[in-house]
Amino acid sequence: MSKPQKKTAAKTTAGKTAGPRSINLALQGGGAQGAFTWGVLDKLLTYDALHIESITATSAGAMNAVVVAQGLIEGDGDHARKLLTEFWRKVSTAASMLPFKPTMVEKMMGAGGDIGFSPSFIALDYMMRLFSPYQLNLFDINPLRSIVEETVDFEAIRKNKKIRLFVNATNVRTGKNKVFKTEEMTLDMVMASACLPFIFKTVYIDGEPYWDGSYSGNPPIYPLIYHAESQDVVFVQINPLHVEEIPTNASDIMNRINEISGNTFLMGEMRAIAFVKRLIDEGKLPAKDYKNMRIHMIEAEEIMSSLKPSSKLNADWTFLSHLHNIGTQAAEDWVEKNYDKLGKEGTIDVRKEFL
């Protein structure tokens with residue numbers, strides 16, 4: 001099997017140099033667990049034989065997406081990797097000033113990033129059930145906003161021709177998802193995509209109120225069907241589709257409800273993709289008029305599903321680095337196994353995984 005070399009052109013089985021293979025990325029949200037996606041991107045960007053054409057993303061995925069785009073606009077994959085590392089380091093530094101940290105016992109137990117026994121987290125969890133951010137966070141303080149603002153030049157993002165971005169948010173009035181495109185991208189749109197309504201005040205854009213995009217599409221795939229050339233979509237999974245352990249406490253139940261709601265929209269889109277693919281394969285739809293999307297997945301579901309909900313607020317550098325390493329390994333394994341199939345076929349059974 002041919003294998004893409006790092007920082008070199010790909011080689012075909014015939015030994016001839018091949019051009020980069022274009023892919024689209026679909027990045028999920030998941031708070032601090034987005035460090036897994038950082039690791040995936042960090043590895044994918046080491047391959048010159050892979051060209052990232054477009055990214056559709058939600059919440060933490062949207063932040064990863066705009067930072068990658070900034071790096072690619074300013075330079076190459078190595079520069080994008082550097083910006084990503086700097087971004088997550090700043091996130092961790094900012095979080096170190098907050099009281100939400102794993103206790104010494106949790107660190108010693110290696111409890112999967114759990115901070116559920118932290119007195120500050122327990123207090124926050126309790127307060128969020130009684131009060132809104134309009135009462136608790138009067139000045140709408142969000143350290144992530146200033147970090148994204150100092151990392152990303154949104155004017156450069158809007159003008160760039162290197163990479164397309166699609167960032168998803170949820171319209172509070174209608175419940176519908178709203179996809180913001182490259183040419184209109186602003187800081188507010190990214191923050192709307194990551195607006196957790198129990199912690200931050202609603203983000204208004206052109207008079208419309210928005211919350212976290214995870215509630216309405218985590219992330220939406222359809223922008224890649226309509227606006228991207230490549231038919232290869234690499235879905236980077238954070239939120240598990242399947243769980244073995246049934247949640248029994250309040251926070252775990254709420255977390256699973258949020259995962260299911262975000263995955264429901266995704267499953268609907270995958271159902272449509274699988275349906276169109278079957279009709280094309282059976283000759284009932286003309287391939288020239290419909291896109292036969294090739295779906296791929298980079299995941300570590302067994303590990304990610306074992307993480308506690310509280311870990312989504314744990315930006316301790318040790319935990320973020322741990323998730324980064326898991327993502328890096330998952331991406332490397334996927335590339336080694338599936339690179340030859342890009343441009344030819346999907347590498348997951350969509351019906352089995354999503355339907």
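Helices (H or I, at least four residues) and strands (E, at least two) were taken as DSSP runs and numbered from the N terminus. The structure is a predicted model, in which local features need pLDDT of at least 70 and side-chain atom pairs count only at pLDDT 80 or more, while totals for chains, interfaces and linings use all residues. Residues are numbered from 1 along each chain as its sequence is written, and side-chain values use heavy atoms, with hydrogens and water left out.

Salt bridges were defined by a side-chain nitrogen of Lys or Arg within 4 Å of a carboxyl oxygen of Asp or Glu. The whole structure contains 16 such salt bridges. One of them joins the side chains of Asp42 and Arg81, with an N to O distance of 2.7 Å. This pair links distant parts of the chain, since Asp42 belongs to helix H1 (residues 35-44) and Arg81 to helix H3 (residues 77-95), 39 residues apart. Relative accessible area was classed as buried (under 20%), exposed (over 50%) or partly exposed (in between), with a 1.4 Å probe and protein chains only. Asp42 is buried at 10%, whereas Arg81 is partly exposed at 26%. Asp42 and Arg81 also belong to a network of salt bridges together with Asp78.

A further salt bridge is formed by the side chains of Arg173 and Glu208 (3.7 Å, N to O). Because Arg173 lies in the loop between strand E5 (164-171) and strand E6 (177-181) and Glu208 in strand E8 (residues 208-212), the pair ties together parts that are 35 residues apart in sequence. Arg173 is exposed, with a relative accessible area of 58%; Glu208 is partly exposed at 28%.

The second largest pocket has a volume of about 500 Å³. A pocket is here an open set of points on a 1 Å grid over the protein atoms alone, where a 1.4 Å probe fits, with protein on both sides within 12 Å along at least five of seven lines; lining residues have an atom within 4 Å of a point. The lining comprises 23 residues, and Val243, Glu245, Ser305, Ser306 and Leu307 lie nearest the centre. Helix H11 (250-281) and helix H12 (301-304) each give two or more residues to this lining, with H11 giving the most, 4 residues.

Asp252 is buried at 16% relative accessibility, and Lys308 is partly exposed at 33%.

Key. Points joined across faces, edges and corners; volume = space filled by probe spheres on them.
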